[in-house]
Amino acid sequence: MGLQAASLLVTPGAEKTNGADIIMDALRSEYLTESPPTPEVLRLNTVPKPIVKGLSQCIEAKSGASFDFILPSFLIRGRVMNHLKKISDADDFLVKEGVDLTTLNTELLTEACRDRLIGGPRRTDEEMKVGLERWLELVVTQPEIAVKTKGLHYNGNLARATLMCYNALDGVRDMRSASYLPRLLFQGQIGNEDYETESSST
């Protein structure tokens, strides 16, 4: 799963909401399964510890401090699970109540997107609304249809964790991101790919 996701991240067009669609479609069989996910899978125990730790650090970044380096892994995983439960409840409310996202003010919209790691500090309200709308489509609406029409079992924790990891990476890759070094590394990766393409054609 990790290698597959990594290869998808360098797929042309895999950015913003298009990238989210690509990632979630490719990993669909991981979070929508014919058999019910086990408690271990639901608690993300099968997800590598470095990924869970990284996700936890992204979540804690909004508070300005992280103490993951002194916490045991089960506490870190528990914190991620608590956060996923929080946004899952919020997602269900937004969809079931039919909340019009265009009515959310900047403060509420920013908080909702920050909780889901959507976008970055310099994205516009419109960009955040598009990102939040697509998030709800990918983690609530589409899975509900699959469960009702195909009898599949949905692991919402894995789906949300996957999309949050993608969102964190997409935010870093944004040219407006303040994370200069990681962004520079991604730009270098893209530049190397372009160079290799040009070299192979000469």
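A salt bridge here is a side-chain nitrogen of Lys or Arg within 4 Å of a carboxyl oxygen of Asp or Glu. Keep that cut-off handy, and keep in mind that you're looking at a predicted model.

**Stop 1: Asp91 and its two arginines**

Select Asp91 and Arg160 to begin. Their side chains meet in a salt bridge, with N to O at 2.8 Å. The pair links distant parts of the chain: Asp91 sits in helix H6 and Arg160 in helix H9 (residues 156-173), 69 residues apart. Buried or exposed, this Arg160? Colour by accessibility and you'll get 4% relative accessible area for Arg160, which counts as buried. Asp91 comes out at 0%, buried as well.

Show the three side chains together: Asp91, Arg116 and Arg160 are linked in a network of salt bridges. As for the general idea, side chains of opposite charge can pair when their charged atoms come close.

**Stop 2: Arg123 and Asp170**

Stay with the loop between H7 and H8, and pick Arg123. Which residue does Arg123 form a salt bridge with? The partner is Asp170, and the closest N and O atoms are 3.1 Å apart. Asp170 lies in helix H9, so the contact ties that helix to the H7-H8 loop across 47 residues of sequence. Arg123 has a relative accessibility of 13% and counts as buried, and Asp170 is buried at 6%.

**Stop 3: two leucines with positive phi**

Bring up the backbone torsions next. Most residues other than glycine have a negative phi. Leu44 has a positive one, about 65 degrees, although it is not a glycine. You'll find Leu44 in the loop between helix H4 (39-42) and helix H5 (49-61), and it is buried at 2% relative accessible area.

Then jump to Leu117, where phi is near 60 degrees, also a positive value in a residue other than glycine. Leu117 sits in the loop between H7 and H8. Leu117 is buried, with a relative accessible area of 12%.

**Stop 4: the cysteines**

Searching the whole structure turns up 0 disulfides. While you're here, check accessibility: Cys58 is partly exposed at 32%, whereas Cys113 counts as buried at 1%.

**Stop 5: Ser29 and Tyr154**

Finish with Ser29, in helix H3 (residues 28-31). Ser29 counts as exposed, at 54% relative accessibility. Draw a C-alpha to C-alpha line from Ser29 to Tyr154: the two are 125 residues apart in sequence and 9.8 Å apart in space.

Terms used. Residues are numbered from 1 along each chain as its sequence is written. This is a predicted model: local features need pLDDT of at least 70, side-chain atom pairs count only at pLDDT 80 or more; totals for chains, interfaces and linings use all residues. Side-chain values use heavy atoms; hydrogens and water are left out. Buried means under 20% relative accessible area, exposed over 50%, partly exposed in between (1.4 Å probe, protein chains only). Helices (H or I, at least four residues) and strands (E, at least two) are DSSP runs, numbered from the N terminus. A disulfide is a pair of cysteine sulfur atoms within 2.5 Å.
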